[in-house]
Amino acid sequence: MSAAAEVDTTTQVYQLYIKASQEEVWDAITNPEIVAKFFHGARVESTSEVGSKLRSFSPDHSQMWNDNTILECDPPRRLVHTWGSLYDPEMAAEPESRVTWEIEAQPGGFAKLTLIHDRLGQSPKTAASVKGWSYILSNLKTVIETGEPLPPVV
Amino acid sequence: MDDEDLVFKALADPTRRLLLDRLFERDGMTLGELEAEVPELTRFGVMKHLGVLEQAGLVATRKQGRHKHHYLNPIPIRLIYERWIDKYRDRRAAALLDLRDELEGNR
């Protein structure tokens with residue numbers, strides 16, 4: 001296979017530095033109270049066990065937004081789970097993709113967070129929609145560093 | 001130099017903006033593929049510019065087998081947007097731009 005054919009253009013990579021320890025970032029992405037602050041008020045339910053569900057609901061719990069499965073869980077370094085966007089019928093009909101969170105400790109009291117959203121090849125609607133990770137992740141950085149989320153998008 | 005300086009410096013160069021545009025169109029290219037996209041540059045030139053973009057966080061790399069893939073990382077631009085653009089995007093600024101367009105006959 002040629003190099004060009006191996007390239008999966010449906011991988012998205014997001015990377016940022018956060019003034020926090022590896023553990024603080026891990027806590028922020030797994031603690032439902034903190035997730036609600038940076039992820040559109042989502043209510044997350046999970047036991048963090050590999051093979052178990054990682055579900056999220058709308059703030060009033062009336063709608064399930066995600067019914068993901070945890071594929072890898074290695075605190076405070078690495079979390080991998082499937083991704084399906086149930087909040088939109090067209091996206092929900094697309095195959096599941098995959099989200100990988102990597103947290104690395106950095107000198108100077110920083111953590112480097114890398115989010116890789118891949119296996120989006122058969123899911124173009126989801127791929128376009130999850131470009132919103134930029135907003136979510138910069139919001140996450142603000143929540144960790146200041147305790148408060150960004151003002152809501154008007 | 002702080003992070004923001006690195007981003008502005010990286011974006012100040014037209015070749016580096018061109019490389020970002022190419023990655024926007026087709027993310028995850030290897031060095032060889034990017035070289036083919038900008039034939040006017042030498043391999044060394046592409047490497048040098050990619051290094052500056054990577055240092056500024058605008059490009060993130062992932063190794064996959066023998067190949068290193070380059071991805072456009074939108075986060076630093078998002079942070080600059082929040083820091084420098086969002087707060088000026090008020091009604092007064094919009095009204096002035098409307099006035100300018102009106103006077104220049106752009107609409």
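Predicted model: local features only at pLDDT ≥ 70, side-chain atom pairs only at ≥ 80, totals over all residues.
1. Two residues are in contact here if their C-beta atoms, placed from the backbone, lie within 7 Å. Among the contacts in chain B with a separation of 6 or more, 53% link residues 24 or more positions apart.

2. Now for the overall make-up. Chain B has six helices and two strands, and along the sequence they come in the order α-α-α-α-β-β-α-α. The radius of gyration of chain B is 18 Å, well over the 13 Å that the globule rule gives for 107 residues, so chain B is more spread out than a compact globule. As for burial, 22% of the 107 residues of chain B count as buried.

3. The two strands deserve a look of their own. Strand β1 (residues 59-64) of chain B runs antiparallel to strand β2 (residues 67-72) of chain B, and six bridges join them. Together β1(B) and β2(B) make a hairpin with two residues between the strands. In the turn, B:G65 has a positive phi of about 60°.

4. Next, a helix pair. Two packed helices are described by the angle between their axes and the distance between the axes. For helix α2 (residues 14-25) and helix α4 (residues 43-55) of chain B, the angle is about 75° and the axes are 10 Å apart. An angle of 65 to 115 degrees counts as roughly perpendicular, and α2(B) and α4(B) are therefore roughly perpendicular to each other. From α2(B), the residues B:T15, B:R16, B:L19 and B:L20 meet B:H49, B:L50, B:V52 and B:L53 in α4(B). By class, the residues of this contact are five nonpolar, two polar and one charged.

5. Finally, the contact between the chains. How many residues does each chain bring to the contact? Chain A gives 16 residues and chain B gives 19 residues. On the side of chain A that touches chain B, the elements giving two or more residues are α1 (3-6), β1 (12-18) and α6 (133-146) of chain A. That side of chain A has nine nonpolar, six polar and one charged residues.

Key. Residues numbered from 1 in each chain as written. Chains lettered and ligands numbered in written order. Pairing = 2+ DSSP bridges. Helix = DSSP H or I, 4+ residues; strand = E, 2+ residues; numbered from the N terminus. Rg over C-alpha atoms; globule rule 2.2 N^0.38 Å. Buried ≥ 20, exposed ≤ 12 C-beta atoms within 10 Å, placed from the backbone. Nonpolar A, V, L, I, M, F, W, Y, C, P; charged D, E, K, R; others polar. Axes fitted to C-alpha atoms, helices over the stretch in contact; angles between N-to-C directions. Parallel < 35°, antiparallel > 145°, perpendicular 65-115°, else oblique.
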